[in-house]
There are 2 protein chains.
Amino acid sequence: MTDTTDRASLLEDPRQAAMRALIYLVWAGDGSSSQTFESVQDIASGLNADMAKQAAAWLDAEHPPTILDLHYLRKSIRADMAQSSQDNISKEIQTQVWDLTGLDLRRLQNTLAGTRPAGTHTPLAWTAKEKQQRDALCALIEGEGHAIWQEIASILQEDSFRYLENPSVEEHRAQVLTWVQLLAKKDVAARFFNDDFSEVDLTGMVQSFAALSTFDLSLVVKFGVQFGLFGGSTFFLGTERHHQRLLPSIVRGELLGGFAMTESGHGSDVKSIETTATFDAEKDGFILHSPTRSSWKEWIGNAARDGQAMTVFAQLQIGEEHYGVHAFHVPIRDADGAVLDGIRIEDCGYKMGLNGVDNGRIAFEHVFVPRDALLDRYAQVDAQGTYTSDIRSEDARFFTMLGTLVGGRLSVAFGALTAARTALLIAIHYGLGRRQFGPENTEDCVIMDYIAHQERLIPPLAQGVMLHITMNDLLQRFEQHEGQDRRELEGITAGMKAHCTWYAVHTTQECRECCGGQGYLMTNRIAQIRRDVDVFATFEGDNVVLMNLFAKNELSGYARAFQQDLALSMLRQLRSLAEKNIVEKNPVLTGKTDEKHLRSSDYHVRAMKLRADSLLSSAARRIKKRTDDGMDPFHAFSEIGDHIQALAKARIEYEIVKTTAAWMDELEPGDNRDVLEKCRQLTALDFLYQSRTFYLENGFMDSGKARAIRKVRLALIRELREHAFVLSSALTYAPEALGSPIGTAINSST
Amino acid sequence: MTDTTDRASLLEDPRQAAMRALIYLVWAGDGSSSQTFESVQDIASGLNADMAKQAAAWLDAEHPPTILDLHYLRKSIRADMAQSSQDNISKEIQTQVWDLTGLDLRRLQNTLAGTRPAGTHTPLAWTAKEKQQRDALCALIEGEGHAIWQEIASILQEDSFRYLENPSVEEHRAQVLTWVQLLAKKDVAARFFNDDFSEVDLTGMVQSFAALSTFDLSLVVKFGVQFGLFGGSTFFLGTERHHQRLLPSIVRGELLGGFAMTESGHGSDVKSIETTATFDAEKDGFILHSPTRSSWKEWIGNAARDGQAMTVFAQLQIGEEHYGVHAFHVPIRDADGAVLDGIRIEDCGYKMGLNGVDNGRIAFEHVFVPRDALLDRYAQVDAQGTYTSDIRSEDARFFTMLGTLVGGRLSVAFGALTAARTALLIAIHYGLGRRQFGPENTEDCVIMDYIAHQERLIPPLAQGVMLHITMNDLLQRFEQHEGQDRRELEGITAGMKAHCTWYAVHTTQECRECCGGQGYLMTNRIAQIRRDVDVFATFEGDNVVLMNLFAKNELSGYARAFQQDLALSMLRQLRSLAEKNIVEKNPVLTGKTDEKHLRSSDYHVRAMKLRADSLLSSAARRIKKRTDDGMDPFHAFSEIGDHIQALAKARIEYEIVKTTAAWMDELEPGDNRDVLEKCRQLTALDFLYQSRTFYLENGFMDSGKARAIRKVRLALIRELREHAFVLSSALTYAPEALGSPIGTAINSST
């Protein structure tokens, strides 16, 4: 609160436009150049006397500007931009700033858009080496997706992508629609398909979704509904005529639509949906109808406000015959946005988060659609009402149809993961800047140096990187094995969706708490991410149901492998387990505590496999015991629900440990590999540590070994603390995408 | 979608006003009478022919009204009320309804206010026995607080207490202020004090806060800021002249204020705050000043919009002398709401939740306050600037001052707990009504019957009840032991605050996920509670910091008990631990698995004590080792941060298990005691089960016993599943407070 006159003068002085921008960058900047402060002081000292004095008042490190000072500074910069044509000013300032500091002014504009400026905070400074390391880590972690991530990053840096401050639901929805259409204009969606719409690039679609998730989850969900669900279902379930007629306008964001599968009474249990599609030979089409309240289509994205058409799932009836669930292309609004006759729509209303997405409920009152509305890739109906399909069994047809939609689950898993990594970036940069308490008569400690704080943020940081690598690998496997292993891959996808989204919920929660009150303010982004990501654990399949599905898949694979003979398979399994027990319960092994062993991927993979296998065979045994006693399979499975969840968890953790161990084997030696290897070790040991009761109870580990694991795990946390700054930043685009200047906007806490 | 003509006619028919209300109660009611449906059908059949036909169309159980039908019905009832004087209609309908069904129409009005009506849902029916049991359980669980809970309940049932639907921040703040002032008018706050403001009823204050938490957390926090923090600090830190001058208008809600302690740079570390209060002999007062950005008062409730004065904490300086942190009564706005000279205020802005509270930041620019602004209970300054205090040490003075504010932590713990129990009520009622999947060819299962679902909701349900009992007990102990044990009680309060608020965060999260998409909609309350309660883990002391504080307290008590001689104390402790090990590691005991033993409070208390003691002595040992090696105590403590957190957790769980075991001993035998005893057993076994690695690793339990505990724990979950309906409802007022008619508004899910 010194030099207020000089400070005020600078705000008014028309000659100081560039200096205003520079000062703002110094105090509220993203800290990407450690040289900024000194170089701006140099520049200021070269100005004429009164200008120099004004600038000096703002550049006094002992009396940094208050948050309110920065507020007025920001207002003044906005006025600069408004007064002349934005391009001019921006070019002028931009050139000056660039020349002087090498800073990109687009960042400034993002910073100015709806964010709270920072006060007295030591910005985290990048060394050239760190910056280089970050870029290298990005490339390694993002792998084949790196180019897409970079491209999305460059689009998101444009002026149009700025956050609104505390928007109303209506403003938020309008903004998100504009963003989706902007992305469409830039062919972000069109490039997923080849020219004649005969092929789709699943990986590109999922990677784009993931990359966008650094920015805003409402955008990502609307993007996913429009292109992934609406476009994807049209592509996968429709045939050439649907592709030609619909896809060009869908990918350009002109025909807006959604995916109407879930019903009020039937969420996870899609097979039981009640909406009917009855063949009408006379009119040559189908009558869609919602017979009950519980058959309303529920939670449908793009329904409440923007959608013009929907891919609707309904029970197909021809005469007296039922053919099960099929998909139809159904218009719901006309070109002017008026709801069509027979369509009833309700707005789901205000939600915990994702308020930029217009979820709604839809019902049909005897709505007619022509025969070619049937998306007929897997089943056809001719004018006489004759039903044909290459897939005989109704069940097989149903699962084939659903199977084509696996992109949704992959996207949701990857998007949630990315959002959590973005929250970690903010929380860790905050933890590296925020000081509190400390030994007597010394400077306060940076809170990232508290063990309890590291314990909360470093394991998820390491795991986030490993999950990214696992997701990349899963996408590659889908590309390579479209055929035989597909069912297994779909199971793993269900498991990964549950794992990644729960990881995201828990991680963003830790981030929220680790930023104290600052984490609770919407402007600092973490609270927004936390609210938005919560429902990711529910949609595209409830996590508990997906874990059941994954476990069931594993159990049936297990039985299949032994020609459906569960009894025989169990005998064999028991024998192999007995042998394993002899090996694993070897006192030398169960008590082995040397660090090399505990850090080795060989140990991790074997130990994780042991748990997964053991829980699998015991689950099979328990189910068999119950069905042998006359219990129906449904109840037998349900009665051991806690075991099933534990099995799915063990199995997916094994998958992650195995995949990342193999990936690491291919990596060039060097500093970056060393850091990533530590992440791998910590992730594996964290899984082992959290599930150590299994090993202790079953004699695969003695208590000395459990203690040794805890020790090495803690050592790894401390080792990775040293890399926390660079590792958390290794996320293409995120540094610029945060809205809040990294680690500076959130500079104080309750 | 049948009988649409008859249904429509009923909406228009002026004779059917009462029937409209009745029908609404049937379909969207709170299910509090199982007789409703049949009795309304009876009434309808007695009407004249066309009226009867209209009513029958609405009372067809096979074709229940859709959500949209109910929407129009609600509109029509609103019109009824608007057309004539509300009193008349309301009295007329009310009498009819009461005569016919015994239902209280005030509930209908609450239901009509801003809630989403329900569709096809089997309302949960109460039997007379269940209702009686619920009331009895409420009385038992709420104990001495029961009368206060009932009184708050009757106030909250008034028309004024209705939720706004999706309010803007400004509307929300205005609504919450109105509520607070209404409560003040009803003397809810005034009765905390005796007539001459010389005594305060801490228990009454905390219980009122807890009871209000069933309704709305923004209200509760604003209420707590105004009466607990502003009123409480004036009472505890001020003297008679402050009491007489300020308290009457504070408790009437006329003088609005807050509690300005936290600063941007100093959240947990209050002793380091930077705001100064410099004695000015000439003007006979103090100059308050905020010297830096980090000295802004941060997150201050009532600051951004409504507060006229604040209790401000600042470093007292007289001449060259520093006297540490003291509290001052400081006006910040005039009667018209204009901010006073020298005061700077910023709005904290939009938050993750609690948007009905106007948090702000405050800074002082050389603001003068007269000498009697000093709240001078513990220290006085005379006109010559002579400082006097009965408490010699600055540290002791500081902790005595903070100690008086323990009511805040008790309130926050109890309020979060109550909010979580409210969320559990909604989630469990939903789980009992929602069906999904099921064995082939049978009706779908109620989701509460899935083991995985029970696993998520039943243990927190049982624990919630036990925590309520523990909080009651803690309040009683404060009443009884104002003197000597106070420091210990403050420690336990810190631990309970952390435990209860984390419990609330995790429990409401489970509730959110267990209601699927419906849990994500704000109208169904859980999402609102989830968002609001999140910051409870941060304010009134960050949980991690509080757990540290609690553990430190225990450690110093431990040392004190042995005359500060840590080495000696450790020797003794080691000896006693060795003896304990001999007993506890007795193979008969470590392997004892009979159910009676595993369910006995004797085993639970001993086992929990063992863990708490053992972690305490090992923490002391580890700290001593480090300080002996020359490490400063701060780092020695910080380096074992994970151990300290585990110790605090073990200690607070022991406290809960011990308290509830003793409470249970006093309880009359009977059905209600049996249910509560099951809650106690499950809570204790859940703590043991979650921490079983400790017992396994240290040889206090063999793996057979761990498995037996898991089994009994699961058995208890199933036993309590049978009582879930009544147990979850055992919360005075909540059934009527939910806004969403219980278990009916949330009748469908993704």
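The following exercises, with worked solutions, concern chain B and its contact with chain A.

The model is predicted; local features need pLDDT of at least 70, side-chain atom pairs count only at pLDDT 80 or more, and totals for chains, interfaces and linings use all residues. Residues are numbered from 1 along each chain as its sequence is written, and chains are lettered from A and ligands numbered from 1 in the order in which they are written.

**Exercise 1.** Determine where Val206(B) lies and why it counts as buried.

*Solution.*
- Step 1: Val206(B) belongs to helix H11 (residues 202–212) of chain B. Helices (H or I, at least four residues) and strands (E, at least two) are DSSP runs, numbered from the N terminus.
- Step 2: A residue is buried if 20 or more other C-beta atoms lie within 10 Å of its own, exposed if 12 or fewer, and partly exposed in between, with C-beta atoms placed from the backbone. Val206(B) counts as buried because it has 30 C-beta neighbours inside 10 Å.
- Step 3: Beyond its neighbours within four places in sequence, Val206(B) is in contact with Gly407(B), Leu410(B), Ser411(B), Phe414(B) and Leu475(B). Contact means that the C-beta atoms, placed from the backbone, lie within 7 Å.
- Step 4: Phe414(B) is 208 residues from Val206(B) along the chain, and their C-alpha atoms are separated by 7.5 Å.

**Exercise 2.** Work out which strands pair with S5(B), and in which sense.

*Solution.*
- Step 1: Two strands pair if DSSP finds at least two bridges between them.
- Step 2: Strand S1 (residues 257–260) of chain B runs parallel to S5(B), with four bridges; Gly258(B) has Met310(B) as its bridge partner.
- Step 3: Strand S2 (residues 276–280) of chain B is also parallel to S5(B), with three bridges; here Thr278(B) is partnered by Gln317(B).
- Step 4: Strand S6 (residues 321–331) of chain B is antiparallel to S5(B) over 10 bridges, and Gln315(B) stands opposite Val325(B).
- Step 5: The hairpin of S5(B) and S6(B) has two residues between the strands, and Gly319(B) takes a positive phi near 60°.
- Step 6: S5 (residues 309–318) of chain B is largely enclosed by the rest of the structure, because seven of its 10 residues are buried.

**Exercise 3.** Find how the buried residues of H9(B) are arranged about its axis.

*Solution.*
- Step 1: In helix H9 (residues 146–156) of chain B, the buried residues include Ile148(B), Trp149(B), Ile152(B), Ala153(B) and Leu156(B).
- Step 2: Down the axis of H9(B), its buried residues fall within an arc of 140°, so they line one face of the helix. The arc is that of the directions from the helix axis to the C-beta atoms.

How values were computed. Two residues are in contact if their C-beta atoms, placed from the backbone, lie within 7 Å.
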